[in-house]
Amino acid sequence: MKKVFDEVASLEKRVVKDFFLSEEILMEHASNSIFNYILKKFRKNKTILIVCGCGNNGADGLALARLLHKNFNVKIYIVKEPKSAMAKLQYKRAKSLNIEFVHNLFEADIIVDCIFGTGLNKKLDENIINLIASLNSFNSFKIACDIPSGIDIYGQIINIAYKSDITFTMGAYKTSLFSDTAKDYVGDIKLVNLGVHKDIFQIDADIFLLEKKDMVLPFRNNKNSHKGTFGHLNIIAGEKIGASIISSKAAFSFGAGLVTIVCSKEQNITEYIMQSRNIAQNCTAIAIGMGLGEIYDKNLEEILELNFPKVFDADIFYKPLIVNYLDENIVLTPHPKEFISLLKLTNIADISIEELQNNRFLYVKKFCKKYPKTTLLLKGANVLIAKDNKIYINSYGTQVLSKGGSGDVLSGLIASLLAQGYEPLNATISASLAHTLASKKYKKNNYSLNPNDLIKKVKKL
Ligand SMILES: NC(=O)C1=CN([C@@H]2O[C@H](COP(=O)(O)OP(=O)(O)OC[C@H]3O[C@@H](n4cnc5c(N)ncnc54)[C@H](OP(=O)(O)O)[C@@H]3O)[C@@H](O)[C@H]2O)[C@@H](O)CC1
Ligand SMILES: [K+]
């Protein structure tokens with residue numbers, strides 16, 4: 001996993017102060033990384049339009065123009081006259097090399113957005129809104145320097161933002177790039193080294209970006225085993241039995257030795273999934289909430305009192321009773337609407353979905369502060385997993401998963417690993433990665449994936 005920071009300016013200041021680097025060295029590395037990428041990826045006859053603002057993001061662009069000049073057909077468009085010292089210096093250098101400055105935007109082969117970086121500090125005016133809209137309308141390959149212009153340090157878009165194919169983030173990953181809103185604007189994200197190794201540039205972090213290698217699949221080492229070796233998951237069925245069936249299939253496919261659906265009357269379900277009216281004696285984990293609907297508090301309380309690891313999903317986030325059971329045994333998997341109910345039940349906040357979606361990291365942190373031992377997975381375009389005041393981002397999800405039943409597969413996968421003895425945070429991280437990475441293997445299109453397709457792909461990970 002990689003470290004992620006709310007802000008990077010203090011890290012930049014630190015390397016200048018402690019390791020005697022300079023702003024100019026950092027900037028040279030920033031522009032060089034984009035230069036090398038363009039040099040490798042594109043033929044020399046391409047036109048490149050570099051759109052520069054007045055701060056150091058613009059200065060990065062002017063330095064990039066100097067590097068690209070003569071290799072490519074480079075034009076600079078100045079949005080606002082250079083204001084920062086580095087922007088003035090880089091401007092002077094670009095002018096002295098006779099690089100062409102243009103006064104009209106055009107559909108170049110490649111556009112590099114260097115209008116605003118981390119210094120965006122107010123609303124965009126009409127001119128800049130129109131300018132970004134024009135850039136977005138072009139069919140060019142779009143690069144963003146540090147962050148697509150228009151996205152602020154909280155990952156929010158006040159008016160409009162540049163839609164890039166690739167974003168070069170300078171020095172460290174920033175949380176702003178991983179808001180759900182930013183997901184459709186950042187494109188691929190590439191981390192740029194600013195002159196010292198990232199382990200030196202970056203200090204300790206409490207937010208992390210998950211990678212494929214963080215997924216630990218339940219491979220078996222010992223041949224001398226039996227079905228009981230791999231746990232017995234009990235899924236509490238509710239009014240809508242379909243959700244439990246999907247979860248049970250996902251759990252079985254992900255390695256649980258036994259899976260039972262606990263239901264009040266016999267159901268027509270897959271033969272390898274067991275059914276029972278009661279929780280099994282040898283139960284090792286419980287999943288509850290999916291398709292739950294109405295349930296008597298007393299029945300719910302009896303289940304919550306059992307001392308097994310549990311996944312709480314869906315309808316259970318509307319039951320006030322759960323607040324008394326949010327301990328280290330519990331994994332919560334709410335979507336935003338369910339999470340705002342949970343925030344209200346726990347007296348943390350009474351907010352709208354919009355407020356939550358604009359500040360996902362903030363509210364996950366607040367929840368974590370009150371319940372540090374519980375594992376939380378907040379669903380979204382970028383999934384946030386949290387425990388012990390640390391947040392893990394799973395950014396592999398796409399619109400392919402925006403279908404009924406996807407969430408039931410996820411809760412089944414997590415519960416399966418819990419049943420097999422994984423610690424709750426590890427179970428949640430590995431299951432969430434399996435869920436999203438499996439969905440990426442579905443290549444037919446991005447609209448037709450169903451839970452069975454997803455489970456098939458999980459089996460092939
Ligand atoms: N520090 C380092 O060592 C390194 C930094 N690097 C680079 O520097 C970037 C940060 O540079 P930065 O701090 O100069 O901010 P930046 O984003 O260029 O813009 C600030 C200017 O824009 C203006 N402005 C803001 N909002 C506005 C609006 N809505 N509408 C109109 N104007 C607006 C704002 O106005 P002012 O506040 O002055 O009124 C100010 O003049 C960073 O993202 C990275 O690319 C790399 O080279 C690596 C080394
Ligand atoms: K930018």
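Guide: Let's start with the contacts: in this predicted model, residues 24 or more positions apart account for 70% of the protein chain's contacts with a separation of 6 or more.

Visitor: What makes a pair of residues count as a contact here?

Guide: Their C-beta atoms, placed from the backbone, have to lie within 7 Å.

Visitor: How do you know how confident the predictor is in each residue?

Guide: That's pLDDT, which runs from 0 to 100. The protein chain has a mean of 95, and 100% of its residues reach 70 or more. The local features here need at least 70. For the complex, the predictor gives an ipTM of 0.98 and a pTM of 0.95.

Visitor: What does the domain assignment give for the chain?

Guide: Domain 1 covers 2-205 and domain 2 covers 213-459. Eight residues from domain 1 and 10 residues from domain 2 make the contact. On the domain 1 side, that's three nonpolar, three polar and two charged residues. The C-alpha centres of the two domains are 39 Å apart.

Visitor: Which residues does UniProt list for "domain: YjeF C-terminal"?

Guide: The unreviewed entry lists 210-461. That stretch is 35% helix and 15% strand, with its end C-alpha atoms 17 Å apart. The protein chain comes to 15 helices and 19 strands.

Visitor: Where does UniProt place the feature "binding site"?

Guide: At G407, again in an unreviewed entry. G407 sits in helix α13, residues 406-419.

Visitor: Why is G407 called buried?

Guide: The cut-off is 20 or more other C-beta atoms within 10 Å. G407 has 24, so G407 counts as buried. Leaving out residues up to four places away in sequence, G407 touches D313, A314, H335 and K379. Across the protein chain, 46% of the 461 residues count as buried.

Definitions and conventions: Residues are numbered from 1 along each chain as its sequence is written. Chains are lettered from A and ligands numbered from 1 in the order in which they are written. This is a predicted model: local features need pLDDT of at least 70, side-chain atom pairs count only at pLDDT 80 or more; totals for chains, interfaces and linings use all residues. Domain bounds come from an automatic or database domain assignment. Two residues are in contact if their C-beta atoms, placed from the backbone, lie within 7 Å. Ala, Val, Leu, Ile, Met, Phe, Trp, Tyr, Cys and Pro count as nonpolar, Asp, Glu, Lys and Arg as charged, and the others, Gly among them, as polar. UniProt positions are given in the numbering used here, feature names are shortened, and annotations may be inferred rather than shown by experiment. Helices (H or I, at least four residues) and strands (E, at least two) are DSSP runs, numbered from the N terminus. A residue is buried if 20 or more other C-beta atoms lie within 10 Å of its own, exposed if 12 or fewer, and partly exposed in between; C-beta atoms are placed from the backbone.
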